[in-house]
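Biologist: Could you walk me through a structure with me asking how to read each feature? I would like the general idea and then the case at hand.

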Amino acid sequence: MNLLSPLTLGDVDIPNRVIMAPLTRLRSGHDGVPNSLNIEHYRQRASLGLLVSEGVYPGKTGQGYPGQPGLVTEEQVAGWAKVTEAVHDAGGRIFAQVMHAGRVSHSDVTGGLQPVAPSAIAIDGQVRTHDGKQPYPVPHALTEAEIDGVIEEFVQASKNAIAAGMDGVEMHGANGYLLHEFLSPESNQRTDDYGGSAANRARFVIEVVAAVAEAVGPGRVGLRISPEHNIQDAFERDHEDVKATYGALLEALAPLGLSYLSILHKEPSGDLVQDLRAAFAGPVLANSGFSVMTSREEALALLDGGHADGVVVGRPAIANPDLIRRWAEDLPLNTPDPSTFYTSGAEGYTDYPALRN
Ligand SMILES: Cc1cc2nc3c(=O)[nH]c(=O)nc-3n(C[C@H](O)[C@H](O)[C@H](O)COP(=O)(O)O)c2cc1C
């Protein structure tokens, strides 16, 4: 069984192949400072091979949700330092997921700033704000000079993460947020060097990842992507274009020697993901997305079938702080409660019990 075998992710060795997925939980208050409840949540899960933090904003414009933590202010960095210390003391490892929400936001959330995106196209739907749900606003299309500023925010947030004791950083290129908005031909309708061809749409993600790798070392940098996820209007409906776009992305990133590539796709063992894995030529972590919750059987099939180097696990890790033991010994599982995913307080966050003995 490969579940419990060690794995090297760039500069970081992990003791088993079950990775806690980045999971937004919105429990860090108005100032986005990790608190004692957040510390406890991550500490409880330290026996997983690697923890990836919830998506953390690299600048106020990039905040997507109320209660989301940041990696910008001194207080936020100090809060994360307490999280990493607790995880390390419990024997674990943790990466910060750096997430710029792009147009998946609202000025009520960003403190009055207009959300940004590759193009001035609003998402058709409603966003969660301090005042309940509101229609998504039309974002400001980033100028080339502003793009350089956003790359600098990713770099600074990543340096802040390392300063806070994070073992590494994961760039959030998935699920319809800013990086993904550049990759999708529907959310990116630019006519400059950052839009149009597959290679141009991949350019911004390449520049972000390369700049962060240069700043903190490539062996500490992962990237998450979700080709064909078709979420939050970052549609990718043309399979050939997807292959060309993500092919261009990985052709540029493969030589960097990154820590890992994390891929969310409904068929991790299918041709697309396996071709991307071959192109990346480094460790690939797989997750099959939201429609069916990851199961022990799926994780074993992916690892033992040689389709992935590690498995990224979301909802089972929310509900089972000791998931690695339960999966290793095939013990019963707690069931996650979706009604408390995005609420506040300990309920549904730090009160899922571990097995007693
Ligand atoms: C409550 C919740 C919050 C999530 N937040 C994030 C996030 O911040 N960043 C991210 O890349 N994915 C996020 N995801 C997606 C998960 O990382 C994962 O891909 C998804 O839950 C499917 O895996 P699972 O079946 O193991 O739960 C979130 C999912 C859930 C359920």
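Predicted model: local features only at pLDDT ≥ 70, side-chain atom pairs only at ≥ 80, totals over all residues.

Biologist: What is the phi of Gln232?

Modeller: The general idea is that most residues other than glycine have a negative phi. Gln232 is not a glycine, yet has a positive phi of about 50°. Asp233, also in the loop between S11 and H7, has a positive phi near 65°.

Biologist: Now the ligand: which residues around it come nearest?

Modeller: A residue counts as near if one of its heavy atoms lies within 4 Å of the molecule. There are 22 such residues around the ligand, and Thr24, Arg224, Thr294, Gly314 and Arg315 come nearest. The shell has eleven nonpolar, nine polar and two charged residues. In this scheme Ala, Val, Leu, Ile, Met, Phe, Trp, Tyr, Cys and Pro are nonpolar, Asp, Glu, Lys and Arg are charged, and the others, Gly among them, are polar.

Biologist: How far is a polar side-chain atom of Thr294 from an oxygen atom of the ligand?

Modeller: A polar contact is a pair of N or O atoms within 3.5 Å. For Thr294 the distance is 2.6 Å. The side chain of Arg224 has an N or O atom 2.8 Å from a ligand oxygen, while Arg315 uses a polar backbone atom, 2.7 Å from a ligand oxygen. The protein covers 96% of the 610 Å² of accessible area that the ligand has on its own (Shrake-Rupley method, 1.4 Å probe).

Biologist: How much space lies in the largest pocket?

Modeller: On a 1 Å grid over the protein atoms alone, a pocket is an open set with protein on both sides within 12 Å along at least five of seven lines, and lining residues have an atom within 4 Å of a point. The largest pocket holds about 750 Å³, a volume being the space filled by probe spheres set on the points. Strand S7 (126-129) and helix H10 (315-319) each give two or more residues to its lining. The ligand takes the space of this largest pocket, with more than half of its atoms within 2 Å of the grid points.

Note on methods. Residues numbered from 1 in each chain as written. Heavy atoms only, no water. Polar contact = N/O pair within 3.5 Å; in protein donor to acceptor, adjacent residues only side chain to side chain. 1 Å grid on protein atoms, 1.4 Å probe; cavity = no way out; pocket = protein on both sides within 12 Å on 5 of 7 lines; lining within 4 Å. Helix = DSSP H or I, 4+ residues; strand = E, 2+ residues; numbered from the N terminus.
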